[in-house]
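Q: Can we go through this one together? I'd like to start with the open space and then move on to the helices and the backbone.

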Amino acid sequence: MEPIFATERTLKLLPQIKAFIENELYPLETPHFLTHHFSEVEPILQQKRQLVKKAGLWGLHLPKEEGGLELTLCEFGQISEVLASSPFGHFVFNTQAPDIGNTELMHKYAPQPLKERYLKPLMEGEIRSCFSMTEPEFAGSNPTRMGTTAVKEGSDYVINGHKWFTSSADGAAFAVVMAVTNPDAAPHKRASQILVPMDTPGVTLVRNIPIMGHAGDSWASHAEMLYENVRVPQNNLIGTEGSGFLLAQERLGPGRIHHCMRFIGIAERSFDLMCRYAAKRELEEGKMLGDTQFIQGFIAESRAEIDAARLLVLRTAHNIDLSGAASVRDEISMIKFFTANMMLRVIDRAIQTHGGLGMTSDILLSYWYAHERAARIYDGADEVHKSALARSILKNYGLDVRRKG
């Protein structure tokens, strides 16, 4: 906890949530539940969700009128870090991606009938959702280019397209699909976001894509999707036609805070595992692993990097709360690549400290090493964020760098 960002609510909530995570979820981090399908541990996690509700900790991020505490982004970011200390934390508190992003998006922009039918059960944790944007035929680094189309026919949209890395599509009730509705408009005004129930004819989940050899299932999966002549009412449009890219950007601002604080929570837990092992692992009689300068270097560098990342992300969240995401666009790019790389370095040091044990599924580190490598790719690859940040900085020096290709 950073005292400079502490509030009365975080001072009360963080110890309570931390105790819940340690007592209820840490015991579930077994090799079986970490390496097998998510559906095997999901029934137990659903029971834990009921405990969260009984404890009055459900829907902390939601508006007051929806039964939440209406936490600021900076406040929720601090909670997100604690939830991330377990791979099951966000799911049990119903603040997991992509649902939390879809919840925020629909609360602001979905028409009332969609809110009644889909948003309310989503907020209650009765259903899940997914966000279908990335396509294998087009570079994800340029989201304005996509082949999926939504053509008006009567009162419907007819959607055709090929998507992949539609996270958590397996078992989801609906997808928010990005599709081109205005092909002749400017690149940033061509696409729209449309709610598509997953049981609509023509929606096909082709496969759960293997990630580092593990395809996963249920919420812990990433699907390849086909939309073939999928017909949904035009009233399923979220926001206005042609606003899909702008809505995606608005979704990603707070979303990057969520992701980055999750990265910090993972790094903090990895750091704790590293320090505990260094303090107790004996190299020879009377000499512990932590006595070596190499490991001391790992610990010192990790502590400094985690703390620096936390301050950077919470400052950005605080500024978003004050003046909106558009005003801190550079900082949003900065935290994404800085924090993701920090997390991966800390995980790697922790694995190295544990030696052979770190490579096994007996502890969390190998799980995170496999599943979090993608942090440098999704929501914009490192290189895209670095380039955008550098171009913005150079404008202040009189150099307007134009994007080429």
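**Pockets, helices and backbone**

A: By class, 12 nonpolar, 6 polar and 6 charged residues make up the lining of the second largest pocket. Keep in mind that this is a predicted model.

Q: How much space lies in the second largest pocket?
A: About 600 Å³.

Q: Which residues lie nearest its centre?
A: His-61, Leu-73, Glu-104, Lys-108 and Pro-254, out of the 24 residues that line the second largest pocket.

Q: And which helices supply the lining of that pocket?
A: At least two residues each come from α4 (73-83), α6, α8 (244-280) and α9 (293-323). The largest share is from α6, with 8 residues.

Q: Let's stay with α6. What are the ranges of α6 and α7, and at what angle do the axes cross?
A: Helix α6 covers residues 99-109 and helix α7 covers residues 112-123. Their axes come within 10 Å and cross at roughly 145°.

Q: Left-handed or right-handed crossing?
A: The crossing of α6 and α7 is left-handed.

Q: Which residues make the contact?
A: On the α6 side, Asp-99, Asn-102, Thr-103, Met-106 and His-107. On the α7 side, Leu-114, Lys-115, Tyr-118, Leu-119, Leu-122 and Met-123.

Q: How do the residues of that contact divide by class?
A: Into 6 nonpolar, 3 polar and 2 charged, for α6 with α7.

Q: What joins Ala-97 and Pro-98?
A: A cis peptide bond, with omega about 0°. Pro-98 lies in the loop between α5 (89-92) and α6.

Q: Which residue other than glycine has a positive phi near 55°?
A: Ser-218 has that value. Its place is in the loop between β7 (216-217) and β8 (220-233).

Q: Which residues are closest to the centre of the largest cavity?
A: Leu-34, His-36, Phe-38, Ala-220 and Tyr-367, from a lining of 13 residues. Both α2 (31-35) and α12 (365-371) supply at least two residues of that lining.

Q: Now the whole chain. How many helices and strands does the secondary structure come to?
A: The protein chain has 13 helices and 11 strands.

Q: Why is the chain said to be as compact as a globular protein of that length?
A: Because its radius of gyration is 22 Å, close to the 22 Å that the globule rule gives for 405 residues.

Q: What does the C-alpha trace span along its principal axes?
A: About 80 × 55 × 45 Å for the protein chain.

Methods: Residues are numbered from 1 along each chain as its sequence is written. This is a predicted model: local features need pLDDT of at least 70, side-chain atom pairs count only at pLDDT 80 or more; totals for chains, interfaces and linings use all residues. Side-chain values use heavy atoms; hydrogens and water are left out. On a 1 Å grid over the protein atoms alone, a cavity is a set of points where a 1.4 Å probe fits but cannot get out, and a pocket is an open set with protein on both sides within 12 Å along at least five of seven lines; lining residues have an atom within 4 Å of a point. Helices (H or I, at least four residues) and strands (E, at least two) are DSSP runs, numbered from the N terminus. Axes are lines fitted to C-alpha atoms, for helices over the stretch in contact, and angles run from 0 to 180 degrees between N-to-C directions. A crossing is left-handed if the near helix is turned anticlockwise from the far one by less than a right angle, and right-handed if clockwise. Contact means heavy atoms within 4.5 Å. Ala, Val, Leu, Ile, Met, Phe, Trp, Tyr, Cys and Pro count as nonpolar, Asp, Glu, Lys and Arg as charged, and the others, Gly among them, as polar. Grid points are joined across faces, edges and corners, and a volume is the space filled by probe spheres set on the points. The radius of gyration is taken over C-alpha atoms; the globule rule is 2.2 Å times the number of residues to the power 0.38.
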